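Please have a look at the model first, and then read my points beside it.

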Amino acid sequence: MKNKLLRSITIGALHLLILAHPSSSIYTPCPSSCSGNGKCTTWGVCSCFTGFTSADCSLRTCPLGPAWSDIATADDTAHQSAECSNRGKCDRNTGQCLCETMYEGSACERLACPNDCSGRGRCLSAKALARMQDPGIQRKSSGCTSTDICDADCSNRDYSACSAVNVYETPWEADQFFGCLCDAGYAGYDCSIRTCATGDDPLTGSQDNDIQLLECHADFGTFTLTFRRETTAPISVDASVTDVTNAINALSSLEGQQPKVAVSWTGGVDRVCISSGNNIQVTFLQDFGDLPLLIPDGTNLGQTSGSDTPIITAQKVVTGTKEADSCSAHGTCDEEKGICQCLDDWMTSDGYGNAGTRGDCGYRSTGTTSTCPGEPACIGHGTCLGPPSYRCDCESGRSGPDCSLIDCPSDKSWFTFPTGDNAAHSEAVCSDMGICNRNTGQCECAPGFEGAACQYLTCFQDCHGNGECLSMSTLAEKNEVNGDPTPYSYGSDPNNSLTWDNNQVFGCHCADNFEGYNCNLKSCPKGDDPNTQHQDNEIQQLSCTDSNDAGSFQLSFRGQTVNVGATDTAPDLETALNNLSAIENVSVSYEDPAIYVGAPSLDPDALQLCRASEALINIEFMSPTGNVPEMTVASSVDIDGALTMTTLQDGSKENIVCSGRGLCNYASGLCECFPGYASSDGQGNIGSRRDCGAINPYSYGS
């Protein structure tokens, strides 16, 4: 009985102590002992171990990755690290990201290849794609010369410069954006399209085959030639014309029927390389147009005489001018079968207007051509150029041999070879992320991409109706620093290749009281931790001097403004400020404690916000707590003296979710308070904020 009585007295005393001093610094253990996932620090605040979060360390964090979309943190600075890369939901129980469709990786940091490239291509990152470029394309104008290969006196030779390609490493998506590099014969963003044979239009004349010149100085060893990233077997310096021809013709990267190239060199020389140098001419017989350069590698060449330099170079001597049109411009491609549907009387050719096996519609089997294709000519959507080519010059938006195909719109490519180091995204039909329907001229976009040209990477589920889906450039304008609007620009310089996505990548900007990458989470109240001590509210001071009582001004806080008259009083200002959604509760008072409503012997203008002798007004932030931005004078009219805002005392209280004494239920937007804590008034007392910011005096004892 004695123990029970003593226990009741002790508990009762504790209740009285808490009621009298609800924020007194009695010992408070950390909630749930930090769930075993953190360290309990001063004032009962958990410091969570890596991988855990929340006020009681009961929840897990998820992996971080560069955000697919976010708000810029400075001009042209975005894509900061974010949980699940802002394209997935964090499972707080497991610490694993639940990625949106199309995204994969532990942090949802990779865009998955559509349809796994249909089993007809390789799924590569943008960085890896750059390494798969054909160096012959970059070298076709400049060649691979001794200047590229040799040091100052050519005593050392390095052929790697001739094989170098543009890199793509710096842009934010280099390791994130994955796409398909299709196998030969396939195309499309998912490699689902079959390509058809290309060829020369036999009705156009006075055109040239592509001719390249090799020069080889050596009397022993071997060299190789690479065309469209396929390399020949080693070719001996003793090789004959036939040997070299066969080595090149064996490359599968060459198109058409055999022979695909013709090789010749100076008469009387019976080997491909000689000490004094041999010029080898390679004429492309079946690949038409301006072709990539043959890339030589003479690393294994040698000279018996130490005074001679072993080297092989390559350059173009004639740039190919023949067409390399799909189906030789006399048929259309069946993209399901990869077979040319030739116009009447046209068949597969040998590339020179004769019957052959190329599959390209380059041979007229009967009759002669005397009109342009189509009925009427060019089906009324182009101009017939007449003899000898009888080609249709189609109007804008039309193509095909008879102008029957409707073109699709183009925009910046999502996934293509770079045009320079760290510069890519040249214009492409359907932005290389859609299939062009040539009957309608409309792009059929890959999942997650929208726009007439599939040029937009969109927001999921339209931000659940709780926000706006905005481009990266517009999101940058929404930036805030401590709640103050601080707009930045993103992508304003069209020559900045690192911000190419400014108007293509979209993300959610959530409405008030919503958050998350797709705005599907309801925000919970924030407040001060009632356990932490010796902290202050923010106090700012208005100083106004005005002699005529006719002036007015505007105060701005976090992008919102109030209109204030010179003769308004402190209660008037308090009411106006508390009506701002950015401010929940401020207390406005006169600096001079002798001035208050109802005080005796006041000067006529004593209660005014502006006085001839200067008025000082204190504004104390009760909520939000923390170090809030300083109010600014946005404008003033007819204030004839000084008008300033200054900070007397920085706020040092917390302003954290559920006051750090509960967990947020993001489905309801309500705090679930830990035992011993309840809703506060923002200052540690019981109130209606639902923020867990008050110590609950009724949770002790039984």
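This is a predicted model: local features need pLDDT of at least 70, side-chain atom pairs count only at pLDDT 80 or more; totals for chains, interfaces and linings use all residues.

1. Residues are numbered from 1 along each chain as its sequence is written, and side-chain values use heavy atoms, with hydrogens and water left out.

2. Let's begin with a four-stranded sheet. It is open, has the order S20-S21-S16-S24, and its pairing is antiparallel. Strands here are DSSP runs (E, at least two residues), as are helices (H or I, at least four), and both are numbered from the N terminus; two strands pair if DSSP finds at least two bridges between them. Strand S20 (261–265) and strand S24 (311–318) are the edges with a single partner strand each, so one side of each has no neighbour in the sheet. The twist averages 20° from one strand to the next; for such angles, axes are lines fitted to C-alpha atoms, for helices over the stretch in contact, and the angle runs from 0 to 180 degrees between N-to-C directions.

3. Within that sheet, strand S16 (residues 211–217) pairs with S24 over seven bridges in the antiparallel sense. Helix H6 (residues 241–249) lies across S20 and strand S21 (278–284), and its direction is at about 150° to S20. Contact, by the way, means heavy atoms within 4.5 Å.

4. Strand S48 (residues 552–557) and S52 share five bridges, and phenylalanine 553 has serine 636 in S52 as its bridge partner.

5. Strand S26 (residues 331–334) and strand S27 (residues 339–342) pair in the antiparallel sense over four bridges. Glycine 331 is bridged to cysteine 342 in S27.

6. How many disulfides does the structure hold? There are 28, where a disulfide is a pair of cysteine sulfur atoms within 2.5 Å. One of them joins cysteine 378 and cysteine 392, with sulfur atoms 2.1 Å apart. Cysteine 378 lies in the loop between strand S29 (363–364) and strand S30 (382–384), and cysteine 392 in strand S31 (residues 392–394), so the pair ties together parts 14 residues apart in sequence. The link is left-handed, with -95° about the S-S bond, and both cysteine 378 and cysteine 392 are buried, that is, under 20% relative accessible area with a 1.4 Å probe and protein chains only (exposed is over 50%, partly exposed in between).

7. Finally, look at cysteine 524 and cysteine 664, whose sulfur atoms are 2.0 Å apart in their disulfide. Is the link left-handed or right-handed? With 85° about the S-S bond, the link of cysteine 524 and cysteine 664 is right-handed. Cysteine 524 sits in the loop between strand S45 (521–522) and strand S46 (526–527), and cysteine 664 in strand S55 (residues 662–665), so the pair ties together parts 140 residues apart in sequence.
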